[in-house]
Amino acid sequence: MSSPEISGILENSKELDRLRKEQEEVLVEINKMHKKLQAPEMVEKPGDNSLSRLKSLYTHAKELSETEVSISTILLNQLDALLPSGPPGQPRRRIGNDQKRKRMKNDSDISRISTSMRSQLEACSNLKGEQVAARVRLDEADKDEWFVVKVLHFDKETREFEVLDEEPGDDDEGGGQRKYKLPMSRIIPFPKKNDLSNVQDFPTGSQVLAVYPGTTALYKATVVNGHRKRKTDEYLLEFDDDEENGALPQRTVPFQKVVALPEEPRQ
């Protein structure tokens, strides 16, 4: 039994633990929404998004369950590869060509996932000291908010970020800087000024998540200018719910403060 094989099993076992922890978090949020829905007058209020929020949570829970099944299948294949094919004392059964090809494909999939996972963890570790976008639920808040934080540390074992909110809002009762521990799914790195290779170019009409000018908060916005000559040009955006005198003002935002709009479960 080789060290890489054991390492792959342990790595996928840790990923299962992380998925189950995140499933527990989602389940807690679902139960909160169920309690809220037991008061009909809350749901009937104009602008209440309880039902859409509940749908998003169930969608996220479904995705986590499907990922758990996938990782569990990989673990079973890894264990099957290490176990003898028959009882002790009996000769090992000959594996046909089809079974060999299947085994080779499974081993290739396991290696590819493990390598990808290692690369992702390494990239997360390299974010130490940098500013990123973080999805946080503030005390007593009924929904998540996105804002800019500084990465203090990334734990490869728990796959959690420790981040610092350097400029909490005026309505934050604590008044001072606050630390949070967040899973990888709640962090989005910003584009880097000195590395344009992975910078996305959002065309006109694209919906994005961007830092609102003069703040450290991120909001949903729509790209207005789609004729940027360079990736480093500023974006012209219209932020949702930013109405002034009956119209949405167009605001300029640096390219490194604009990221792709997360999928529904992460909003």
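What share of the contacts in the protein between residues at least 6 apart in sequence join residues at least 24 apart? The share is 53%, where a contact means heavy atoms within 4.5 Å. The structure is a predicted model, in which local features need pLDDT of at least 70, side-chain atom pairs count only at pLDDT 80 or more, and totals for chains, interfaces and linings use all residues. Residues are numbered from 1 along each chain as its sequence is written, and side-chain values use heavy atoms, with hydrogens and water left out.

The protein holds four helices and 10 strands. These are DSSP runs numbered from the N terminus: helices are H or I with at least four residues, strands are E with at least two. Along the sequence the pattern reads α-α-α-α-β-β-β-β-β-β-β-β-β-β.

Of the 267 residues, 33% are buried. Buried means under 20% relative accessible area, exposed over 50%, and partly exposed in between (1.4 Å probe, protein chains only). The protein exposes about 17000 Å². Carbon and sulfur atoms supply 50% of that area. Accessible areas come from the Shrake-Rupley method with a 1.4 Å probe; for residues, only the protein chains shown count as cover.

Most residues other than glycine have a negative phi. Arg-159 has a positive phi, near 60 degrees. Arg-159 sits in the loop between β2 (145-155) and β3 (160-165). Its relative accessibility is 4%, so Arg-159 counts as buried.

Asn-245, also not a glycine, has a positive phi of about 55 degrees. The loop between β8 (235-239) and β9 (251-253) contains Asn-245. With a relative accessible area of 85%, Asn-245 is exposed.
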